[in-house]
Amino acid sequence: MVCPLGKKRVVRSKVGAPSASYRLAVISRVLAAIFAGYLLAALTSICAAQWLPMPRAEAVVTGMMLSFLAYLVAVLWCFACRTAWQAWVGLLLPSALLGAGFAVGRWLL
Amino acid sequence: MKEGFRQAMAWLHTWIGLLFGWLLFAIFLTGTMSYFDAEISHWSQPEIPLRPLDSGASVELAQGYLQQHANAASRWFIGLPDERAPALSVMWQNPGKPGERGTFVRKLLDPQTGAEVQARKSLGGEFFYRFHFQLQMPYPWGRWLSTAAAMVMFVALISGIIIHKKIFKEFFTFRPRKGQRSWLDGHNALGVLILPFHLMITYSSLVIFMSMVMPVSILTSYGKDTQAFFNDLFPAANAAKAAGSPATLAPLRPMLAVAGEQWQGGRVGRLVVNNPGDANASVSFYRHGGDRVVHTPGTGLLFNGVTGELESESALHAAPLVIAGSFYGLHMGHFAGPLLRWLYFLCGIGGTAMIGTGLVMWLKKRSLKHAQTGVLPFELKLVQVLNIASMSGLMIAVASFFWANRLLSTGFAERSGWEVNVFFISWGVTLLHALVRPGRSAWREQLGLGSLLFVGIPVINALTSDYGLTVSIPQGDWAMAGVDLTSLAVGVFLGWAALKTFVGVGLPAIAVGQTKRVKPIAGKPAPTAHEVH
């Protein structure tokens, strides 16, 4: 059976208290969820505002409404993936892609 | 679905539910009360008389009053009375010094006579409404914190759904008087039964504050001119500057009639007069929130203030704006009639109870281990104290607010602020009480006191004012009577809950005995993932 937050959970049951590395991994996931999650959500909103074929105000509102769904998925991902590193990579990679897409659309096209 | 994924979601649900549960309980409780904010305000300012509604006469009286008292103001705001809020409210903004916003003055008028109503100072329902999203913190921190709590609630809801393999089967599973299991079943039933309400209310709270918490796309699309975004959204808000040459303001009553025709019988909620007495005067009429679901601030009818002619109508048509406005409107529930309003209220109670059962369950599960000694380790004691103060303590604080409203002298200048102080002081005292008393006694004493205070609300109302149940019911003043009767019902419920603490709900030692009895009856081999809470 896969343990909730990666293999480190096993250490807990042996020693009785969570190990320091387990705690660090949890903190890392929490930080990824809050900050990298917000970054991904914000980038989703600005890409939607830029790319959606609608009048400006409508595209902005749609982007903002979508951003919370992106945030939700990002947070769930941070705690569903196997390791804390995966949480960061899984959010920063799509963020970088969205950021690059936004930059290309804004300054190159 | 993989078992590991579900367990990870259970872990997430459990811990964010614990950390934000106390705050979310308070947000949900005060939000639920806010569906009856106008009724609570009516209860807390009973001096405002109930009059037959006549918006034409009200507008005329308001114009007369404002021309007499606020002729030099830069803007007038007139709020018309409706069946929920009986007062005719007038507000004006004094012209500010260059670069500064002018100050606002607000008065409540009797819609029959046009005289100022000398009502006791009280925030009433406005206090609970403001607390619901500002949390008594300075701007904008309270709004940010409550929106963050909403995002956490959103994650908790979705992870909660994921945990449940058999969402419908479990809904029909309720095992009463089975300790831990009953709490879990209740938590699940409350969650699933009104799941659409939970999802709507949580997501819409994010939409309401989206331009505050997720503003980057406004900046990238509009640059520094963020005001242009709001002007695109709310076109009627653009008002012309004063010309500086005086002109007589046209009578407002005929404009009201035109507005009624334009909206085919729709009601006018409020109107704004820009630059009254100036050649560039304009009057905006905004529709009553009860007329439709979609919340469209700033859309309305614009009249020329000197000629009295209708100049333009602004409305929302673009789909994304209508969707956002619908979420806003659904959250606020201004459109809801009495039946739907009660349904909103009951759903709100359901949400509050779901959060409360979750908090209780977290502690019960973990205190089982300490049943032998009966002594909780520090972290569990901390959770217990916060559970007690955030739930039964908050109920005591709410009831104290109502008591303060009737007991503080009506002439006391600072009374409105002191009602709020009494609320927070009594909440603080319940926290201290929960700290020094053993858990079960603290629950019992606070629930018992809360029960007495709530049952006492109609009593103190009848004793200290002329608006007790024996008066309000024959008069048909159902807002006044409704607050009294609801308080009575809440008091009875809290009393029942206090009695339950005598028969072993919440006591570790008995909870152990119960689980031993329960297992063979329920016939379940081992707790499955969805029970990992």
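Axes here are lines fitted to C-alpha atoms, for helices over the stretch in contact, and the angles between N-to-C directions run from 0 to 180 degrees. Helices (H or I, at least four residues) and strands (E, at least two) are DSSP runs numbered from the N terminus. The model is a predicted one, with local features needing pLDDT of at least 70 and side-chain atom pairs counting only at pLDDT 80 or more, while totals for chains, interfaces and linings use all residues. Residues are numbered from 1 along each chain as its sequence is written, chains are lettered from A and ligands numbered from 1 in the order in which they are written, and side-chain values use heavy atoms, with hydrogens and water left out.

On to the helix pairs, starting within chain B. Helix H8 (residues 195-208) and helix H14 (residues 338-367) of chain B cross at roughly 90°, their axes coming within 10 Å. That makes H8(B) roughly perpendicular to H14(B) (65 to 115 degrees; under 35 is roughly parallel, over 145 roughly antiparallel, and the rest oblique). In contact terms (heavy atoms within 4.5 Å), B:Phe197, B:His198 and B:Met200 of H8(B) meet B:Tyr344, B:Cys347, B:Gly348, B:Gly350, B:Gly351 and B:Met354 of H14(B). By class, that contact has five nonpolar, four polar and no charged residues; Ala, Val, Leu, Ile, Met, Phe, Trp, Tyr, Cys and Pro count as nonpolar, Asp, Glu, Lys and Arg as charged, and the others, Gly among them, as polar.

Helix H15 (residues 378-407) and helix H16 (residues 415-436) of chain B cross at roughly 150°, and their axes come within 7 Å. H15(B) and H16(B) are therefore roughly antiparallel. The contact of H15(B) with H16(B) has 17 nonpolar, six polar and three charged residues.

Between the chains, helix H3 (residues 56-80) of chain A packs against helix H5 (residues 141-163) of chain B at about 60°, with the axes 10 Å apart. The two are therefore oblique to each other, and H3(A) passes H5(B) in a right-handed crossing. H3(A) brings residues including A:Phe68, A:Tyr71 and A:Leu76 to the contact, and H5(B) brings others including B:Met151, B:Phe154 and B:Ser159. Eleven of the contact residues are nonpolar, one is polar and none is charged.

A nonpolar core is a set of buried Ala, Val, Leu, Ile, Met, Phe, Trp, Tyr and Cys residues joined through side-chain atoms within 4.5 Å, and buried means under 20% relative accessible area (exposed is over 50%, partly exposed in between; 1.4 Å probe, protein chains only). The largest core has 59 residues, with A:Val61 and B:Phe229 making the most contacts inside it. Beyond its neighbours within four places in sequence, A:Val61 touches B:Met210, B:Phe229, B:Leu233, B:Pro320, B:Leu321 and B:Ala324. Apart from this core lies another, of 58 residues, including B:Leu18 and B:Leu195.

As for chain A overall, it has four helices and zero strands, and 45% of its 109 residues are buried.

Back in chain B, B:Phe131 sits in helix H4 (residues 125-134) and counts as buried at 5% relative accessibility. Leaving aside neighbours within four places in sequence, B:Phe131 is in contact with B:Ala26, B:Thr30, B:Gln136, B:Phe424 and B:Trp427.

Methods. A crossing is left-handed if the near helix is turned anticlockwise from the far one by less than a right angle, and right-handed if clockwise.
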